[in-house]
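Please take a slow look at the sequence and the model below, and keep the structure open while you read. We will walk through it one piece at a time.

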Amino acid sequence: MKPPFSKILIANRGEIAVRVMKTAKKLGVSTVAVYSDADAKSLHVFLADEAVHIGPPAAAESYLKADKIIEAALATGAEAIHPGYGFLSENPDFVEAVEAAGLTFIGPSAKAIRAMGLKDAAKDLMLEAGVPVVPGYQGSNQDPDFLAAEADKIGYPVLIKARAGGGGKGMRKVDTPADFLEGLASAQREGKNAFGDAHVLIEKFITSPRHIEVQVFGDNHGNVVHLFERDCSLQRRHQKVIEEAPAPGMTDEVRAAITSAAVTAAKAISYSGAGTIEFIVDGSGPLRPDGFWFMEMNTRLQVEHPVTEAITGVDLVEWQLNIAAGAMLPLRQQDLSINGHAFEARLYAEDPTTGFLPATGILHHLSFDASARNDTGVRTGDEITPWYDPMIAKVITHANTRNAALAGLITALQGTHVAGTATNARFLADLASHKDFKAGQFDTGLIERDLDSLTCAIPPSIAHVVFAGIAALGIDPAAQTNGWRLWGAAQHRLKLVSNDDVIDATMTLHADKRISLAIGDDSITLLDVAIDGTQITARVGDMNASINAQVIVSQLNEKRLISVLTGGVSHDLYSLDPRSGSADSTAHANAVTAPMTGVIIQLTAAVGTHVQEGDKLGVMEAMKMETALVAPRDGVIAEVFCAVGETVEGGATLILFQEDAE
Ligand code: ADP
């Protein structure tokens with residue numbers, strides 16, 4: 001088949017840029033990436049056939065610069081622009097500028113975007129088309145007392161929404177008339193600050209609300225189909241966390257009603273391309289054909305589109321490209337059906353234990369469970385910067401039944417390993433295991449209600465610590481030809497920091513290759529320790545259980561970070577010199593010891609030379625990491641016990657200082 005375009009430009013970054021390129025490649029369409037300074041080495045740039053630099057990291061100066069992006073498309077000979085989601089995707093002025101430049105916008109018309117752009121006008125339009133909307137006031141009178149009177153008429157609780165709002169911003173729930181004016185002022189402030197528009201509407205707050213949305217698709221020949229619904233009720237602060245398709249508890253009758261309302265909505269604006277009609281649904285009991293109301297339309301591809309792809313077998317980006325090139329919808333409504341059940345979880349660099357503070361950092365390790373579809377824009381070694389949305393990946397599972405797809409999601413999340421930054425992986429796995437969610441009984445308030453139990457920090461277990469210890473000391477049982485006692489001491493003190501707690505442990509390497517570790521009265525003994533790359537497996541001595549984890553060692557400035565990754569959790573432990581602050585400090589000051597087992601790859605220390613504290617005396621390599629050997633104090637080197645190329649044991653004395661230099 002002839003490709004819909006010969007070359008397209010993707011005006012986006014991260015996972016969605018990569019996602020669009022994947023389909024473009026499949027269809028034989030060449031791709032042009034655009035990138036900011038912060039993204040010069042990003043995956044989307046690497047995967048594109050061509051890439052054009054468009055500016056500094058700030059989105060306002062790069063990914064939101066319509067003129068630069070259009071210029072890049074013209075310069076590279078791209079015929080069309082795919083906007084992804086976010087950034088310029090719902091900006092009608094951008095669409096007009098793209099078309100004025102003689103290019104095709106892969107998405108709806110500027111007119112359709114405008115019609116749905118403001119929540120109040122969109123609701124009026126939908127009312128006219130006969131689509132049920134949430135009862136409320138969406139008129140032009142913005143007088144506070146008038147709005148308060150409208151809220152009384154609607155009945156409390158009410159939701160005040162900035163008409164230009166998005167992403168959950170500019171929204172305030174008000175429970176009693178006494179709180180109305182304050183809620184109004186703060187919604188207006190947020191609307192003004194975030195969107196430059198203080199205009200609000202008032203809605204009845206639907207109790208036990210569920211968020212169910214319908215994927216629609218139109219072409220430029222007047223055809224519109226729907227691709228069924230998605231349930232996006234698992235939300236935090238009005239933002240989606242886990243999505244699924246189809247919606248649990250959906251009946252044929254309700255599905256017929258909600259999808260036909262969605263198609264009516266799309267037809268009312270002659271919609272072309274991929275779009276989503278979002279409904280708020282009464283979830284206080286079984287779903288009813290009269291229990292859903294239009295909230296808004298998103299005139300683009302959604303983040304959660306993969307769950308629809310999974311259950312329908314349709315590549316939505318392929319449809320977007322073909323339809324933008326003028327093709328008719330490839331399937332009729334009766335040709336579309338639901339196959340099984342799908343989930344998507346949004347993996348973020350954020351810390352659930354600190355109120356979901358966004359995290360940044362270098363991904364020292366990133367690996368996914370191969371059983372799931374993993375849409376990502378980053379690789380091991382890439383950085384999560386503070387410039388953009390800190391989403392790392394979307395984890396998507398599909399199976400015949402909801403239970404099986406959910407079990408698959410939990411497995412996939414537990415097999416998602418990220419080192420170098422905090423993530424919400426364990427939070428997502430716990431959420432996916434929540435009993436009400438498993439039972440399909442939930443509304444948008446579930447996360448908030450159980451927030452404490454879903455976000456509590458789990459301290460590392462003794463098994464995590466022993467794994468970290470093995471890595472910290474660079475122990476590899478397979479490489480030990482001469483037993484464990486090469487350096488004379490079978491016992492090692494280990495000092496690790498987890499969060500702000502210092503863990504003092506003693507690790508013993510027994511002659512029969514058992515490893516035991518004690519922290520106070522608690523202890524663990526491992527047998528059959530095996531190391532394969534970053535994977536450590538072992539048997540626990542007194543139980544017949546085997547345990548395993550991926551252990552990643554990375555050097556962060558002066559500190560060595562050991563990430564023990566298991567079950568979707570990354571325990572980050574920093575290793576400290578065990579003698580720091582202890583009575584052993586004199587010994588420490590007289591010698592440089594090997595921090596772990598490894599190979600000396602560089603040595604500048606020479607007997608008799610005077611060195612200063614902090615001077616680099618050599619470099620060791622262990623677990624694929626380089627570690628500098630530095631002088632612990634000013635002094636004269638008395639002896640050097642190692643040579644370049646030599647393998648040394650963790651703890652071994654490598655360089656000795658003269659006593660008199662104390
Ligand atoms: P945004 O454009 O900021 O995403 P939406 O209008 O799509 O805002 O609403 C976001 C979320 O807020 C919904 O998914 C739902 O959880 C909640 N919400 C919106 N309207 C109502 C309502 N009338 N009653 C209860 N919850 C609502």
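Helix H1 passes helix H11 in a right-handed crossing. A crossing is called right-handed if the near helix is turned clockwise from the far one by less than a right angle, and left-handed if it is turned anticlockwise. This is a predicted model, in which local features need pLDDT of at least 70 and side-chain atom pairs count only at pLDDT 80 or more, while totals for chains, interfaces and linings use all residues. Residues are numbered from 1 along each chain as its sequence is written, and side-chain values use heavy atoms, with hydrogens and water left out. Helices (H or I, at least four residues) and strands (E, at least two) are DSSP runs, numbered from the N terminus.

Two packed helices are described by the angle between their axes and the distance between the axes. For H1 (residues 14-27) and H11 (residues 316-324), the axes come within 9 Å and cross at roughly 65°. That makes H1 roughly perpendicular to H11. Axes here are lines fitted to C-alpha atoms, for helices over the stretch in contact, and angles run from 0 to 180 degrees between N-to-C directions. Angles under 35 degrees count as roughly parallel, over 145 as roughly antiparallel, 65 to 115 as roughly perpendicular and the rest as oblique.

Which residues of H1 and H11 make the contact? On H1 they are Arg19, Val20, Thr23, Ala24, Lys26 and Leu27, and on H11 they are Leu316, Val317, Glu318 and Leu321. Contact means heavy atoms within 4.5 Å. Sorted by class, the contact of H1 with H11 has six nonpolar, one polar and three charged residues. In this sorting, Ala, Val, Leu, Ile, Met, Phe, Trp, Tyr, Cys and Pro count as nonpolar, Asp, Glu, Lys and Arg as charged, and the others, Gly among them, as polar.

Now find another helix pair, H12 (residues 402-414) and H13 (residues 425-432). Their axes are 9 Å apart and the helices pack at an angle of about 160°. H12 and H13 are therefore roughly antiparallel to each other, and their crossing is left-handed. Leu406, Leu409, Ile410, Leu413 and Gln414 in H12 meet Ala425, Leu428, Ala429 and Ala432 in H13. The residues of this contact divide into eight nonpolar, one polar and no charged.

Next, look at a single helix, H6 (residues 119-129). Its buried residues are Lys119, Asp120, Ala122, Lys123 and Met126. Buried means under 20% relative accessible area, exposed over 50%, and partly exposed in between (1.4 Å probe, protein chains only). Seen down the axis of H6, the buried residues fall within an arc of 160°, so they line one face of the helix; the arc is that of the directions from the helix axis to the C-beta atoms. What do the buried residues of H6 pack against? Their partners are helix H5 (110-117), strand S7 (158-162), strand S9 (200-204), helix H9 (252-268) and strand S14 (292-298). Just after H6, Gly130 takes a positive phi of about 90°.

That brings us to the backbone. Most residues other than glycine have a negative phi, and most peptide bonds are trans. Arg237 is not a glycine, yet its phi is positive, near 50°. Arg237 is found in the loop between strand S11 (224-236) and strand S12, and it counts as exposed at 59% relative accessibility. Phe356 also has a positive phi, of about 65°, although it is not a glycine. Phe356 lies in the loop between strand S16 (350-351) and strand S17 (357-358). Is Phe356 buried or exposed? At 6% relative accessibility, Phe356 counts as buried.

Cis peptide bonds can be found here too. One joins Tyr156 and Pro157, with omega about -5°, and Pro157 is found in the loop between helix H7 (144-154) and S7. The peptide bond from Ala245 to Pro246 is cis as well, with omega near -10°. Pro246 is found in the loop between strand S12 (239-245) and H9.

Finally, step back to the whole protein. It has 18 helices and 39 strands, and 55% of its 662 residues count as buried.
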